[in-house]
Amino acid sequence: MPTRQWRRTAAALTALPALLVTLAGPAAAAVKLPEPSVPPIARAELNLLTVAEPRSTAGYSRDRFPHWSTRAAACDARETVLARDGQNVQRDDDCRAVSGSWYSAYDGRTLSSADDVDVSHIVPPANAWRSGADTWTDAERESFANDLERPQLLAVSAASNKDRDDRGPESWRPPLAASRCMYARAWADVKYHYRLTVTAEEKAALAEMLDTCRPQPAGEGRR
């Protein structure tokens, strides 16, 4: 999509009525990643994405997405997310989490050790590579891999993150059904912002998850 048209569309999306929907369930407040767009905007973003077959993985390496860059003092992006998403997190002089608790939105588990927590890329680097990031510079990929401004990084159980691996929504969705609305909204936000493509199967799966969103009282959600 041409840049001018993309900007006009983005401005139109922000003007949509705020039908606010958030993560269902009592643990919703524990998930403090940047709030994804409300469902009408997420669905509009999804519909604007280019549908294409996945690109080749030739040349892909996790190292092409330098991650856990230092954000402030000695704190890298991973430790920043652990502190952001946890409760009562205590850190050592090197900014590493040494105690606290973390609620995993993927599977609903509460974890008491940082060793059991992964920081998940909502859109995995391998998926991004196959949907357009293969043409980026390494600096652009580093920005993507350490993005704290969009709903891209989330502290979850290491077990659930390893189970997902690099799979997209067409073959994996959060085991905790109440989190699927949040997951689809976040995925659509990230792909829209970075102008990445989706496959037909991926788009259909995301649309199904957006159908699970429930209206909630106004005052939450990103317009």
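# Helix packing around H8

The buried residues of helix H8 are Glu202, Ala205, Leu206, Met209 and Leu210. Seen down the axis of H8, these buried residues fall within an arc of 140 degrees, so they line one face of the helix. Among the elements that cover them are helix H2 (39-48), helix H4 (125-130) and helix H7. The model described here is a predicted one.

## The chain as a whole

The chain holds eight helices and seven strands. It has 223 residues, of which 48% count as buried. Among contacts with a separation of 6 or more, 75% are between residues 24 or more positions apart.

Two packed helices are described by the angle between their axes and the distance between the axes.

| Pair | Angle between axes | Distance between axes |
|---|---|---|
| H7 and H8 | about 135 degrees | 8 Å |
| H2 and H7 | about 50 degrees | 9 Å |
| H2 and H8 | roughly 170 degrees | within 11 Å |

Helix H7 spans residues 180-193 and helix H8 spans residues 200-210; they pack at an angle of about 135 degrees. That angle makes H7 oblique to H8, because an angle counts as roughly antiparallel over 145 degrees and as roughly perpendicular from 65 to 115 degrees. The crossing of the two helices is left-handed. On the H7 side, the contact is made by Arg180, Cys181, Tyr183, Ala184, Arg185, Trp187 and Lys191. On the H8 side, Glu202, Leu206, Met209 and Leu210 take part. Sorted by class, the residues of this contact are seven nonpolar, no polar and four charged.

How do H2 and H7 lie relative to each other, and what is the angle between them? The angle is about 50 degrees, with the axes 9 Å apart. H2 and H7 are therefore oblique to each other. H2 passes H7 in a left-handed crossing. From H2, the residues Pro39, Ala42, Glu45, Leu46 and Leu48 make the contact, and they meet Arg185, Ala188, Asp189 and Tyr192 of H7. This contact divides into six nonpolar, no polar and three charged residues.

The remaining pair in the table is H2 and H8, whose axes cross at roughly 170 degrees and come within 11 Å. That makes H2 roughly antiparallel to H8. Here Ala42, Arg43, Leu46 and Asn47 in H2 meet Lys203, Leu206, Ala207 and Leu210 in H8. By class, the contact has five nonpolar, one polar and two charged residues.

Proline 169 is found in the loop between helix H6 (158-164) and H7. Is proline 169 buried or exposed? At 1% relative accessibility, proline 169 counts as buried, since the cut-off for buried is under 20%. Leaving aside neighbours within four places in sequence, proline 169 is in contact with Tyr183, Trp187, Glu202, Ala205, Leu206 and Met209. Proline 169 and glutamate 202 are 33 residues apart along the chain, but their C-alpha atoms are separated by 5.6 Å.

## Helix H5

Helix H5 covers residues 138-145, and its buried residues are Arg141, Phe144 and Ala145. Seen down the axis of H5, they fall within an arc of 95 degrees, so they line one face of the helix. What covers them includes strand E6 (117-121), H4, strand E7 (153-157) and H7. H4 and H7 are also among the elements that cover the buried residues of H8.

Most residues other than glycine have a negative phi. Asparagine 88 has a positive value, with phi near 55 degrees. Asparagine 88 is found in strand E3 (residues 86-91), and it is exposed, with a relative accessible area of 67%. Aspartate 165 also has a positive phi, near 60 degrees. Aspartate 165 lies in the loop between H6 and H7, and that loop also holds proline 169.

Technical notes. Residues are numbered from 1 along each chain as its sequence is written. This is a predicted model: local features need pLDDT of at least 70, side-chain atom pairs count only at pLDDT 80 or more; totals for chains, interfaces and linings use all residues. Side-chain values use heavy atoms; hydrogens and water are left out. Axes are lines fitted to C-alpha atoms, for helices over the stretch in contact, and angles run from 0 to 180 degrees between N-to-C directions. Helices (H or I, at least four residues) and strands (E, at least two) are DSSP runs, numbered from the N terminus. Angles under 35 degrees count as roughly parallel, over 145 as roughly antiparallel, 65 to 115 as roughly perpendicular and the rest as oblique. A crossing is left-handed if the near helix is turned anticlockwise from the far one by less than a right angle, and right-handed if clockwise. Contact means heavy atoms within 4.5 Å. Ala, Val, Leu, Ile, Met, Phe, Trp, Tyr, Cys and Pro count as nonpolar, Asp, Glu, Lys and Arg as charged, and the others, Gly among them, as polar. Buried means under 20% relative accessible area, exposed over 50%, partly exposed in between (1.4 Å probe, protein chains only). The arc is that of the directions from the helix axis to the C-beta atoms.
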